[in-house]
Amino acid sequence: MNYFIPVFFVFYILMIYMWIFDDYHINENMKIYSSFFIEKDYEFLLGHLGYIDNKHEFHKRVKQSIVVFFLIVLIFFEQLDYRYLLLSFISAILFYKLQYVLLKKKYERKLMEADQQFPFYLNHLCILIQNNTVPVALNKSIQNAPELFRNDISIWVQDIHEGKKKGLIPYLEFNDKFRQVSGLNRIVKTLYNISIASTSKEKMILSLMKITNEKVLNARKDEFNKILDKQALIPWVSFIWVGIVLIASFSAINIGEFLS
């Protein structure tokens with residue numbers, strides 16, 4: 001066997017390890033190289049899932065992928081050639097990407113929960129807007145907001161108060177982060193229009209309340225449909241259970257006759 005190939009692969013993996021974990025030797029070219037491997041929304045996902053140290057999580061991800069590489073090398077060490085090294089390398093890359101996919105799935109589940117809670121939060125916000133300005137109402141509503149949105153609503157309010165981001169920009173930035181939430185674009189634009197309105201403010205608030213009522217009604221319908229779906233399964237479960245009991249009873253009778 002040509003030992004140059006395994007030595008090259010091991011050296012290559014160690015160089016990657018040293019480059020990632022030794023911050024003192026990172027230059028601009030390496031930063032471009034790292035941006036190729038680190039997904040654009042990776043830090044966003046970590047931040048919104050409650051991870052405090054993004055760098056630590058990335059290092060852990062790389063370590064685990066390198067461990068996968070060496071494990072497969074050890075398993076096939078006796079027959080090791082370029083094919084098994086290639087398999088080890090591909091497996092490590094797939095495991096590296098798998099960790100991102102699982103992270104994204106976790107975020108999507110959390111976003112789905114937030115989307116379900118959002119109509120009821122919006123209803124609370126509408127009540128606050130009737131007696132407060134939009135930024136004040138948003139600030140007061142943070143504790144009642146879905147957990148996924150709280151930090152971003154706080155940033156949104158801060159951007160409005162500081163005035164560095166003018167006009168509609170803070171509203172659209174919040175929308176861009178959670179564009180998967182149905183109707184959010186229309187809601188943030190309505191909130192902005194209420195915030196700058198000098199006349200017909202009541203009409204805009206009524207418009208927002210109409211949107212809110214529609215969303216709350218739809219959310220309640222969804223909850224009711226889920227309950228109905230669960231209830232619809234009960235007869236089928238009972239039928240299957242009775243079938244299993246009958247089959248078990250007949251089997252016991254036949255076995256008894258056979259033994260006698």
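**Burial, contacts and cores**

Modeller: In this predicted model, Tyr-84 is found in helix H5, residues 82-129.

Biologist: Why is Tyr-84 called partly exposed?

Modeller: The relative accessible area of Tyr-84 is 24%. Buried means under 20% and exposed means over 50%, so Tyr-84, at 24%, is partly exposed.

Biologist: What does Tyr-84 touch, not counting residues up to four places away in sequence?

Modeller: Tyr-84 touches Phe-76 and Gln-79. Contact means heavy atoms within 4.5 Å. As for Ile-72, 12 residues apart from Tyr-84 along the chain, the C-alpha atoms of the two are separated by 8.0 Å.

Biologist: Leu-86 lies in helix H5 too. Is Leu-86 buried, partly exposed or exposed, and how do you know?

Modeller: Leu-86 has a relative accessible area of 42%.

Biologist: What makes Leu-86 a member of a patch, along with Ile-90 and Leu-94?

Modeller: A patch takes residues with over 30% relative accessible area and no salt bridge, and joins nonpolar side chains within 5 Å. Leu-86, Ile-90 and Leu-94 form a nonpolar patch on the surface, with about 280 Å² of accessible area together.

Biologist: Where is Glu-39 found?

Modeller: Glu-39 is found in the loop between helix H2 (28-37) and helix H3 (42-48).

Biologist: Why is Glu-39 called buried?

Modeller: The relative accessible area of Glu-39 is 11%. Buried means under 20%, so Glu-39 is buried.

Biologist: What makes the pair of side chains of Glu-39 and Arg-61 a polar contact?

Modeller: The distance is 2.9 Å, and a polar contact needs a pair of N or O atoms within 3.5 Å. So the pair counts as a polar contact. Leaving aside neighbours within four places in sequence, Glu-39 is in contact with Arg-61, Tyr-96, Lys-97 and Tyr-100.

Biologist: Which residues touch the most other members of the largest nonpolar core?

Modeller: Phe-149, Ile-153, Phe-178 and Leu-191 do, in a core of 43 residues. H5 gives the most to this core, with 13 residues.

Biologist: What does Ile-153 touch, not counting residues up to four places away in sequence?

Modeller: Ile-153 touches Tyr-121, Leu-138, Ile-142, Ala-145 and Phe-174.

Notes:
Residues numbered from 1 in each chain as written. Predicted model: local features only at pLDDT ≥ 70, side-chain atom pairs only at ≥ 80, totals over all residues. Heavy atoms only, no water. Helix = DSSP H or I, 4+ residues; strand = E, 2+ residues; numbered from the N terminus. Buried < 20%, exposed > 50% of the residue type's maximum accessible area, 1.4 Å probe, protein only. Polar contact = N/O pair within 3.5 Å; in protein donor to acceptor, adjacent residues only side chain to side chain. Patch = residues over 30% accessible without salt bridge, like charges linked within 9 Å, V, L, I, M, F, W, Y side chains within 5 Å. Areas by Shrake-Rupley, 256 points an atom, 1.4 Å probe, with all protein chains shown as cover. Salt bridge = Lys/Arg side-chain N within 4 Å of Asp/Glu carboxyl O. Core = buried A, V, L, I, M, F, W, Y, C linked by side-chain atoms within 4.5 Å.
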